[in-house]
Amino acid sequence: MAYQTINPYTNELVKEYPFATDDEIEEALSKTYALYKKWRNDPVSTRTPVLHKLAQILRDEKDHFAKIMTVDMGKLYVESQGEVLLCADIAEYYADHAEEFLRPRQIASIAGDAQLENHPLGVLLAVEPWNFPFYQIMRIFAPNFAIGDPIILKHAAITPGSALAFEDAVRRAGAPDGSLVNLFLNYDQVSDVIADKRLQGVALTGSERGGTSVASEAGKNLKKSTMELGGIDAFIVAHDADMDAVNDIAPRARLYNAGQVCTSSKRFIVTENHYDEFLAELKKSFAAVKLGDPMDPNTTLAPMNSKKAKEKLQKQVDDAVAGGATLAFEHDPVDSDGQFFLPTILTDIKKDNPMYGKEMFGPVAQVYKVKDDDEAVELANDADYGLGGIVFAGTAEHGAELASRIETGQVYVNTFFSSLPELEFGGVKNSGYGRELGQTGLTSFVNQELVVKRDKPNTNEFGGLVLPFHLHEN
Ligand code: NAP
């Protein structure tokens with residue numbers, strides 16, 4: 001399928017784009033590689049002003065970019081606006097901190113004066129999903145631009161408008177040609193780019209299916225990779241949780257971005273003393289949701305990104321119910337041809353249900369009843385994924401104690417899940433590997449080059465070729 005923007009609210013085909021040509025791919029590889037060679041010698045401070053300028057462009061033109069995203073994949077306009085501002089914050093953060101974070105680290109060593117220098121790694125391929133069409137690009141672009149790694153972008157086939165708008169903003173911020181090159185690649189072309197000698201790393205955010213395929217291409221070609229994949233995050237309601245806070249946050253943790261967030265709370269695991277109240281309140285909140293035009297400020301639930309995604313989710317719900325789950329709630333039908341999925345609550349999902357442990361990427365909540373906090377942690381860990389999580393408990397300390405026992409990449413205690421420039425993002429198990437954002441995210445694609453210097457060689461009776469432990473012994 002070619003790249004297409006189909007507005008999921010109106011079903012209008014807005015624009016279609018052909019796949020990249022061989023010449024376009026070659027040109028992208030050669031100009032990004034040439035830029036890497038130049039950047040290898042330029043200090044970080046030569047690039048950070050561009051990130052400041054990019055942040056300013058995003059803030060100044062927030063509404064313009066937000067509308068492009070909403071038309072591409074249907075999210076609420078207000079959420080698109082928030083996403084643009086978050087992108088500006090990420091650009092600003094690396095503009096302000098990259099130099100400091102990338103300073104060489106001195107190492108005390110008997111080998112000599114040792115330091116670990118952070119150099120660019122080379123040209124990267126970023127394969128990104130549609131659910132946060134700007135933020136997903138910025139997560140990889142800002143840190144790596146600061147480092148000096150040029151990027152070839154392969155965005156999702158359904159968000160080409162966002163890909164072009166982001167690329168244009170980077171160009172207008174004054175980034176040199178080749179800093180971020182968007183290509184409308186098909187899967188075979190992705191593999192060809194990964195195999196090219198000029199490319200050194202691949203960052204993918206997406207599904208386990210896409211991740212497995214791209215990670216194996218990267219592995220086959222010995223290219224460094226990070227994989228930010230799916231999740232079935234737990235939202236634990238501990239025995240002593242403050243239910244007012246839980247009832248306020250829980251529906252939003254599931255329905256934000258029409259439920260299409262990798263770190264959405266997909267499994268609510270509730271201790272039995274709170275279960276009945278929790279379920280009743282979640283039903284009330286889901287019933288109060290207003291589905292409609294994503295550009296309308298009164299709408300609180302947007303359509304899903306595409307007809308295909310809606311049909312896939314409907315099949316998952318049907319399979320879950322056929323497998324013994326209870327359809328505890330379904331929102332009233334909506335009078336629209338938009339790709340709306342009615343907010344749904346499933347209970348009684350047993351281990352033998354075909355949907356147990358599967359990611360449902362839309363406004364569907366699974367609610368589980370457990371005896372106590374220990375059983376809640378046990379159920380949270382009974383998953384092939386480990387991306388995020390939320391814990392509500394009587395105190396921050398008790399919540400944090402439970403959080404630390406969950407096998408996952410990131411947990412928020414007594415608060416909403418958020419992604420911020422300074423906080424590491426990433427998962428374990430089938431949710432992938434590596435981190436984006438934060439200080440760790442900044443070093444995912446650097447060449448940590450060790451330089452050891454001395455005025456004269458260190459020798460001993462073994463004739464000069466000394467290993468450190470020999471020096472210790474002598
Ligand atoms: P997806 O199908 O894996 O697509 C993500 C990107 O990978 C798209 O650009 C897609 O291209 C590309 N892709 C998929 N298969 C490929 C292959 N075999 N070769 C080359 N490229 C390939 O994921 P999605 O379903 O659109 O996105 C939702 C998933 O992403 C969910 O599982 C969600 O949890 C996860 N996600 C994770 C994070 C995180 O940070 N961990 C964040 C957001 C979303 P096409 O569009 O052309 O197919």
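How many salt bridges are there between domain 1 and domain 2? The count is zero, where a salt bridge means a side-chain nitrogen of Lys or Arg within 4 Å of a carboxyl oxygen of Asp or Glu. Keep that in mind as we walk through.

Before you click, note that this is a predicted model, where local features need pLDDT of at least 70, side-chain atom pairs count only at pLDDT 80 or more, and totals for chains, interfaces and linings use all residues. Residues are numbered from 1 along each chain as its sequence is written, and side-chain values use heavy atoms, leaving out hydrogens and water.

**Stop 1: the two domains**

Colour 3-229 plus 444-451 as domain 1, then 234-413 as domain 2; these bounds come from an automatic or database domain assignment. Their centres, taken over C-alpha atoms, are 31 Å apart. The contact (heavy atoms within 4.5 Å) takes 17 residues from domain 1 and 25 residues from domain 2. About 1,900 Å² is buried between domain 1 and domain 2, with 60% of that given by carbon and sulfur atoms; buried area is the accessible area (1.4 Å probe) that two parts lose on being put together, summed over both.

**Stop 2: the opening hairpin**

Now select 3-6 and 13-17: strands E1 and E2 pair antiparallel over four bridges. Strands (E, at least two residues) and helices (H or I, at least four) are DSSP runs, numbered from the N terminus, and two strands pair if DSSP finds at least two bridges between them. Thr5 sits opposite Lys15 in E2. Six residues lie between the strands of this hairpin, and Asn11 has a positive phi near 65°.

**Stop 3: the three-stranded sheet**

Next comes an open antiparallel sheet, in the order E3-E4-E20. E3 (105-107) and E20 (446-453) are at the edges with a single partner strand each, so one side of each has no neighbour in the sheet. Zoom in on E4 (113-120), which eight bridges join to E20; here Glu117 has Glu449 as its bridge partner.

**Stop 4: the six-stranded sheet**

Follow the order E7-E6-E5-E8-E9-E19 across an open sheet with mixed pairing. E7 (180-182) and E19 (432-433) are the edge strands. Select E5 (123-127) and E8 (199-205) to see a parallel pair joined by five bridges, with Leu124 partnered by Gly201 in E8.

Finally, show helix H8 (208-220), which lies across E8, E9 (224-228) and E19, at about 170° to E8. The angle is between N-to-C directions, on a scale from 0 to 180 degrees, with axes fitted to C-alpha atoms, for helices over the stretch in contact.
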